[in-house]
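Thanks for coming. I will take the salt bridges, then the ligand.

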Amino acid sequence: MTAHATARVPEAAARALQEARSVAVLTGAGISAESGVPTFRDAQTGLWARYRAEDLATPEAFARDPVLLWNWYLWRRRLVGEAAPNAGHLALVELERRVPAFTLVTQNVDGLHRRAGSRAVVELHGCLLQGRRLDDGAVVEFEDPPAGQMPVCPQTGARLRPNVVWFGEMLPAVAMVAAREAAESCDLMLVVGTSGLVYPAAGLPAMAAEAGAKVMEVNPVDTPLTPLADWALRGGAATVLPALLARAFGTASAD
Ligand code: BJW
């Protein structure tokens, strides 16, 4: 633990985490930024610079041009496959070990929380490593198809769509129930790396605050959720989360 690590985390925030018996964490794309996975609303790079992610993440875009959509998802799938969980993901694994009741609700589709070792993970927006059969909705693993082709189910040959939640689609009911329960029953909600723009996920911190929980935000910048936060810890998740854990529990900090 370094002086720098402790300096950025107020004592009261560390104490709130240390004393919490039930912690819910809501993560967004920002926690994976330092793993090299672009956030959703950052400018897309290279090939994808001319597309707005919001315009691609819709059922209409898939119906209009499934090859384009699949190319985008396969590109992101490869990116995620080459990425590794960072110190922010790992700090949340450690937090789960330290807190009696813990739920990690993520909007991310990159699977990095599970790869890091987090166990109580609720994936609100699905997972881009999986496909969903268009004929019966079954969720399956699949291989990358040859260039220019779309993935199919390895068992039945059925066409697939990415197993993610697009705008205008319902979130998985089981995941949403678990997320609401975690928000309503926690003493502390940690909100990490989300712009707080996309609902219903963005409504969870307010739900927690209304139920009496403290809210702590980790983000380099203010968001629409900042006014709800009892503490806003400014900086990247891969630095701030280890520092927070170090201050609360005396664990080693990556900072
Ligand atoms: C760092 C960092 C570092 C950078 N460390 N931080 C209520 C009000 C208004 C609208 C609605 C509402 N309820 C529903 C809606 C409609 C819609 C919606 O929310 N629209 C708004 C955008 C206006 N919601 C839906 O359609 C949802 N479905 C639904 O509600 O069904 C019922 C219904 C149907 C029809 C009508 C009404 C109701 C579905 C939402 C699905 C979202 N899907 C996506 C795509 C997933 C697949 C894919 O990845 O391709 O999910 S959109 C995209 O946004 C993705 C993300 O999970 C999600 C959230 O983004 P996130 O994670 O916050 O990322 P960014 O990029 O926005 O922010 C990154 C943050 O990190 C920034 O703050 C940075 O500062 C920070 N950061 N570096 C820490 N190192």
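**Salt bridges and the ligand shell**

The count here is 13 salt bridges, a salt bridge being a side-chain nitrogen of Lys or Arg within 4 Å of a carboxyl oxygen of Asp or Glu. This is a predicted model, where local features need pLDDT of at least 70 and side-chain atom pairs count only at pLDDT 80 or more, while totals for chains, interfaces and linings use all residues. Residues are numbered from 1 along each chain as its sequence is written, and side-chain values use heavy atoms, with hydrogens and water left out.

One of the bridges joins Arg-78 and Asp-144, at 3.4 Å from N to O. Arg-78 is partly exposed at 43% relative accessible area, and Asp-144 is partly exposed at 34%. Partly exposed lies between buried, under 20%, and exposed, over 50% (1.4 Å probe, protein chains only).

Arg-133 forms a salt bridge with Asp-136, closest N and O atoms 2.9 Å apart, and with Asp-135, at 3.9 Å. Arg-133 is buried at 14% relative accessibility, whereas Asp-135 is exposed at 58%.

Now the ligand. How many residues surround the ligand? There are 35, and the closest include Glu-34, Arg-41 and Tyr-73; the cut-off is one heavy atom within 4 Å. By class, the shell has 20 nonpolar, 11 polar and 4 charged residues. Nonpolar covers Ala, Val, Leu, Ile, Met, Phe, Trp, Tyr, Cys and Pro; charged covers Asp, Glu, Lys and Arg; the others, Gly among them, are polar.

An oxygen atom of the ligand is 2.6 Å from a side-chain N or O atom of Arg-76. A ligand nitrogen atom is 2.8 Å from a polar backbone atom of Val-165.

How values were computed:
Polar contact = N/O pair within 3.5 Å; in protein donor to acceptor, adjacent residues only side chain to side chain.
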